[in-house]
Amino acid sequence: MKKASVLVLSILALVLLSLASLAGIFLDDGGNPYTFTTLRGEAIEIYGGKGLYQFDTVFKAVLFRGFDWANLFVGLPVLVWGMCLYRGSQVKGQLLVAAVFSYLTYNYLIGVMGNAYNVMFLIWTGLFSVGLFGLALVLTGFKIPSLPEKLKLGFPRRSLSVYMIILGLFLLIQYLAEILSAYWSGKPPASLGVYTTLELAALELGIMIPLHIFGGISLWRQETIGYLLAILLTFTALMTFISIGVSTQILYLIYKRGSMFDVAVPIVLTVITFGFSIAIIKQVKA
């Protein structure tokens, strides 16, 4: 019964994710950026046009365009692959489906809470909900204490734990620097734009950063929870860095914003997380 429920939610996720991604891609008209003065007196550039992201800032609109492409060419195929393996009761399939569900929870919580309202609101809410409850169902049907036994001796435990801790600390410094700088100057944080609050910073500081640091330390100590967090968070990071990589290239090549350094950083992080993701999949016994 539990397996059937997970597969039903997976199919629903496939449908909703396809709709969201295709709508984001085909309804986009390239935007028509214009300057808007916020209630805080800041001049902010809005994406414009008539697509899904017309009321978002240029940066956030292009970022979610990156997510749309990453979902279509990476997220959907991985979910289908995971479903096929999950039907055969393979541990690898359980982990892949759980990883996709964790990514959907993270990404679409950001979307429904942080982006300007658009016609995909109910679809995005559905994706967030499916991801959350799907992840819970997969994990309750998974024998978590036995996870280390399902991994081969070549699992990159130490290097992965170091990566998780460093990434967590890097994000912590990045967000604290922006927020504390805003406190000091009395001006809104640079990434606030037209929005009312820093929903992404809150999610990262309150959930993702602690999970990365705690997961990295737990993995170094060879604790079961560390293995599970490492697998789920690595895939989420891979999807995120792929999306950021696509968006920074669009910003640089089409909108002439940013620098080669801004383009290079997410590409390097994508390569690192892709390497870890492949290593993880290879080291799962079944």
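By class, how many nonpolar, polar and charged residues are in the lining of the second largest pocket? I'll come to that after the overall picture.

This is a predicted model, where local features need pLDDT of at least 70, side-chain atom pairs count only at pLDDT 80 or more, and totals for chains, interfaces and linings use all residues. Residues are numbered from 1 along each chain as its sequence is written, and side-chain values use heavy atoms, without hydrogens or water.

The chain has eight helices and two strands, in the order α-β-β-α-α-α-α-α-α-α from the N terminus. Helices (H or I, at least four residues) and strands (E, at least two) are DSSP runs, numbered from the N terminus. The radius of gyration is 19 Å, close to the 19 Å from the globule rule for 286 residues, so the chain is as compact as a globular protein of that length. That radius is taken over C-alpha atoms, and the rule is 2.2 Å times the number of residues to the power 0.38. The C-alpha trace spans about 55 × 40 × 30 Å along its principal axes. Of the 286 residues, 51% are buried, meaning under 20% relative accessible area with a 1.4 Å probe, protein chains only.

Now the pockets. A pocket is an open set of points on a 1 Å grid over the protein atoms alone, where a 1.4 Å probe fits, with protein on both sides within 12 Å along at least five of seven lines; lining residues have an atom within 4 Å of a point. Points are joined across faces, edges and corners, and the volume is the space filled by probe spheres set on them.

The largest pocket has a volume of about 1400 Å³. It is lined by 47 residues, and Phe59, Gln174, Tyr175, Leu200 and Ile244 are the closest to its centre. H7 (224-253) is among the helices that supply at least two lining residues, and its nine are the largest share. The lining has 29 nonpolar, twelve polar and six charged residues. Here Ala, Val, Leu, Ile, Met, Phe, Trp, Tyr, Cys and Pro count as nonpolar, Asp, Glu, Lys and Arg as charged, and the others, Gly among them, as polar.

The second largest pocket has a volume of about 320 Å³. Of its 17 lining residues, Ser102, Leu135, Ile207, Met208 and Leu211 are the closest to the centre. H3, H4 (121-140), H6 and H7 each give two or more residues to this lining, and H7 gives the most, six.

Back to the opening question: this second lining has 14 nonpolar, three polar and no charged residues.

How values were computed. Buried means under 20% relative accessible area, exposed over 50%, partly exposed in between (1.4 Å probe, protein chains only).
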